[in-house]
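Please look at the sequence and the model before reading on.

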Amino acid sequence: MRMEVMGLLRLQAPTPSDTTDFGRIVVQQPCPLGVCRPKSAADVCLLLRTVYSSSSFDSLTVAPRGAGHSAYGQAQAPGGIVVVTTSLPRSIAVGSTSSFTFVDVDGGALWVEVLEETLKHGLAPKSWTDYLYLTVGGTLSVGGISGQTFKHGPQICNVLEIDVVTGRGQFVTCSETENSNLFYGVLGGLGQFGVISRARIVLQTAPKMVKWVKISYYDFDDFIEDEELLISMEDVDYLEGFVRLHGISSSQSFTARFGGQAEDGLGRGPTYYYIEMALHYDNEAAVTKTLESILPRLKFVEQMASLDVPYFDFLNRVRAEELKGRSKGVWDVPHPWQTMFVPRSRIKQYKDLLLETISETPRDGPIILCPLRRHKWNEKMSTVLPRDDAADDIFYVVSLLRSIPCPDGSSDSPQLRKVLQQNKKMIQVATGYDVYDHLISTKIESQPGALEVASQGRYDNNIGAKQYMPYCEDEQEWMVHFGEKWEMFRDLKNEFDPLNVLAPGQRIFKRKR
Ligand code: FAD
């Protein structure tokens, strides 16, 4: 990099944490002075303009990195430069117009910081992720979903405006009415078109308290019927469903405990299900009455618990699990996570595929299974939804969030390879495309014949599902993933990052010279 630019940008040598991520499965080194800690969006413009305009950097790539909580190297830049967006000022400013109250927040700010600041005004964003120590830019690059999504849509659908530094080094402010193609492309755009330096997020009045209720089921049909009934109710503010394989201890795993209560008292069958729902309130008498009117309409077998917690504590519930997981040494271990969007008509088939596939391996970590509503999403944005079988407004999200401790802290083991093969089989059967070959084969050679087994899907080879935060290995697989969105996605890349400099860790486009 030209000396003066390198000096201005204070490029640094990478630290170990700059080269790995939460998944701890893919580790790729940036170049020797490959870490940029920008102090402003102008620094990001200077870096990207220099890389874009100078032929001496014709193979250099640049990865925007938020909190590094991807699972498969998505925020890494092998031989390139990592832009650590958490070094941006992280300013958070509440404002309003005649129609909206909003917060302007830097792309590198953590959602927990946004919550703390907006609560000072009695306000909060409407849509969240389960875990708040993720950056605004990082979750807006994938979608941002949790138990509020059925009601308010994903985080990307609660954005009024963004500032983006494109792959050409241009600073562009965009919204639904200004530079709208970049706005829709960047939201869910996997870091491909530009670095989000600021986002304007819609706010609502924050509740003081949350009634957090857990109910359990043995019967899958009853479970999903009640989930779908509950997301139709105006009074329900949050809903997530979980699948539990009985007998697998959750004590070792990273799993959101219910306000600290052990789950092992739940159910007695081989598999059971439970719903966590939450009702916001300021007045306890009223919310108790509402809950009393809801519960009799449901088919649960046991009401496990009902807790009253402050709104901040409820939203920050996974943090306690992180600290517990760290103390038990199951946090900084490989996490071959996988999340799928599944058409409602195939959810039983996919659940059976999942349980059958993972049943022979010990599982540490939650399995989330709950309904979302298509009309709460904006299909102009880049996040891809599952096939729509019958103009069905409901589809499901299924997250398999496993932790695979490896011996001596390494990031490989036969167990991990087995789990990656299981993931491969589920993706292939559910979506029809073939992934993970490279990932598995770059590990210690996989067991002979294992991949063939993984690819012998016994189900019809395409449930019509789509990966959320997809792991694909080449342009071919990405074309299948994006389907009819692929042309738009590729055209946006040609317009805003024509040399394919940005976010190489997603493995979508090869760097052009
Ligand atoms: P990184 O991992 O640093 O980056 C992710 C991607 O975004 C990369 O491609 C990167 O290049 C790009 N990127 C990062 N910052 C920017 C920016 N400013 N501009 C442009 N591109 C950028 N997701 C959910 O939807 N719901 C959940 O409930 C949820 N819970 C999670 C819990 C845990 C414990 C973990 C580890 C992850 C969870 N996730 C969840 C997934 C998480 O939302 C995504 O992995 C997210 O991308 C991580 O944010 P990050 O700031 O760590 O981004």
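## Overall composition

The structure is a predicted model. The protein chain holds 513 residues, and 62% of them count as buried. Its secondary structure comes to 17 helices and 17 strands.

The accessible surface of the protein chain comes to about 18900 Å², and carbon and sulfur atoms account for 53% of that area. Among contacts in the protein chain with a separation of 6 or more, 75% are between residues 24 or more positions apart.

## An annotated span

An unreviewed UniProt entry carries the annotation "domain: FAD-binding PCMH-type" for residues 28-206. In the model, the span of residues 28-206 is 21% helix and 27% strand, and its end C-alpha atoms lie 41 Å apart.

In soluble globular proteins, nonpolar side chains tend to be buried together. The largest nonpolar core of this model has 117 residues, of which L140, I162, M277 and Y350 touch the most other members. Strand 12 (residues 271-281) supplies the largest share of this core, namely seven residues.

Which residues does L140 contact, leaving aside its neighbours within four places in sequence? They are W111, Q155, I156, V159, V186, L187, G188, I196, A199 and I201.

Strands of a sheet pair through backbone hydrogen bonds, either parallel or antiparallel. Three strands of the model form an open sheet with parallel pairing, in the order 1-3-2. Strand 1 (35-36) and strand 2 (62-65) each have a single partner strand and stand at the edges, so one side of each is left without a neighbour in the sheet.

Strand 2 is joined to strand 3 (residues 81-84) by four bridges, in the parallel sense. Within this part of the sheet, A63 stands opposite V82 of strand 3.

Strand 15 runs antiparallel to strand 11 (residues 238-245), and two bridges join them. On this side, F242 stands opposite I368 of strand 15. Strand 15 also runs antiparallel to strand 16 (residues 394-400), to which seven bridges join it. There, C370 has V397 of strand 16 as its bridge partner.

L502 lies in the segment after helix 17 (486-496). With a relative accessible area of 1%, L502 is buried, because buried means under 20%.

Not counting residues up to four places away in sequence, L502 touches L48, V62, P64, T166, G167, G191, Q192, F193, G194, V195, K493 and D497. L502 and E161 are 341 residues apart in sequence, and their C-alpha atoms are 21 Å apart in space.

Terms used:
Residues are numbered from 1 along each chain as its sequence is written. This is a predicted model: local features need pLDDT of at least 70, side-chain atom pairs count only at pLDDT 80 or more; totals for chains, interfaces and linings use all residues. Side-chain values use heavy atoms; hydrogens and water are left out. A nonpolar core is a set of buried Ala, Val, Leu, Ile, Met, Phe, Trp, Tyr and Cys residues joined through side-chain atoms within 4.5 Å. Buried means under 20% relative accessible area, exposed over 50%, partly exposed in between (1.4 Å probe, protein chains only). Contact means heavy atoms within 4.5 Å. Two strands pair if DSSP finds at least two bridges between them. UniProt positions are given in the numbering used here, feature names are shortened, and annotations may be inferred rather than shown by experiment. Accessible areas come from the Shrake-Rupley method with a 1.4 Å probe; for residues, only the protein chains shown count as cover.
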